[in-house]
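Subject: Structure handover

Hello,

Here is the structure I promised you. Please open it beside this email and follow along.

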Amino acid sequence: MMMINDEIILLVEDNPDDIALALRALKKSNLGKEIVVARDGAEALDYLFGENGKGQNANALPQLIMLDLKLPKISGLEVLKQLRNDERTRYLPVVIMTTSNERQDIVNCYNHGANSYIRKPVDFAKFYDVIKQIGSYWLGLNEGMPHRRFV
């Protein structure tokens, strides 16, 4: 059975500096007991679905996915499309975190089911604050979609 785990955040990011800062902000804010990092779209999909669609952790899905748009191997948009096309991951909260301010990127992400689109601040202090706010909202304030268990 697959179910949502309130303790897991999946961070899909290829920039080492952004990874380090996000991990620091999430840990310092006591958000998520486990933060899984995927450094490209292929790693993210492998973590979620793995071989035969069972996923690396077949018993739990993350409570929140923080997804960079511009990723190596498989783009963030393609990851989002695959998440929304699978019944198990269709309603998982996905926050797009990107440097892109292209109108078409924003439209494409929302058209494919992104829950939020946030441009990464260049300033490290602001980036840190944004990560804390995202975690506080999606893991604390937001009442997520009740999920069924899957066999």
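Leaving aside neighbours within four places in sequence, which residues is isoleucine 118 in contact with? They are Val95, Ile96, Met97, Thr98, Val130 and Ile134. Contact means heavy atoms within 4.5 Å. Isoleucine 118 lies in strand 5 (residues 116–119).

Some ground rules. This is a predicted model: local features need pLDDT of at least 70, side-chain atom pairs count only at pLDDT 80 or more, and totals for chains, interfaces and linings use all residues. Residues are numbered from 1 along each chain as its sequence is written, and side-chain values use heavy atoms, with hydrogens and water left out.

The overall layout

The chain has five helices and five strands. These are DSSP runs, numbered from the N terminus: helices are H or I with at least four residues, strands are E with at least two. Along the sequence the pattern reads β-α-β-α-β-α-β-α-β-α. Of the 151 residues in the chain, 47% are buried. Buried means under 20% relative accessible area, exposed over 50%, and partly exposed in between (1.4 Å probe, protein chains only). Take the contacts with a separation of 6 or more: 69% of them join residues 24 or more positions apart.

The cores

A nonpolar core is a set of buried Ala, Val, Leu, Ile, Met, Phe, Trp, Tyr and Cys residues joined through side-chain atoms within 4.5 Å. The largest one holds 26 residues, and Ile65, Leu67 and Ile96 touch the most other members. Strand 1, strand 2 (34–38), helix 2 (41–48), strand 3, helix 3 (76–84) and strand 4 (94–98) each supply at least two residues of this core. Another core lies apart from it, with 23 residues, among them Leu11, Leu21, Leu23 and Leu139.

Helix 3

The buried residues of helix 3 are Gly76, Leu77, Val79, Leu80, Leu83 and Arg84. Seen down the helix axis, they fall within an arc of 160 degrees, so they line one face of the helix. The arc is taken from the directions from the helix axis to the C-beta atoms. Their cover includes helix 2, strand 3, strand 4 and helix 4 (103–111).

Two residues stand out for a look in the loop between strand 3 and helix 3: aspartate 68 and leucine 71. Aspartate 68 has 5% relative accessibility, so this residue counts as buried. Leucine 71, at 11%, also counts as buried. Not counting residues up to four places away in sequence, aspartate 68 touches Val12, Glu13, Asp14, Gly76, Met97, Thr98 and Lys120.

The largest cavity

How many cavities of 30 Å³ or more does a search of the whole structure find? There are two. A cavity is a set of points, on a 1 Å grid over the protein atoms alone, where a 1.4 Å probe fits but cannot get out; lining residues have an atom within 4 Å of a point. Grid points are joined across faces, edges and corners, and a volume is the space filled by probe spheres set on the points. The largest cavity has a volume of about 60 Å³. Its lining includes Leu11, Asp68, Met97 and Lys120.

Best wishes

How values were computed. On a 1 Å grid over the protein atoms alone, a cavity is a set of points where a 1.4 Å probe fits but cannot get out, and a pocket is an open set with protein on both sides within 12 Å along at least five of seven lines; lining residues have an atom within 4 Å of a point.
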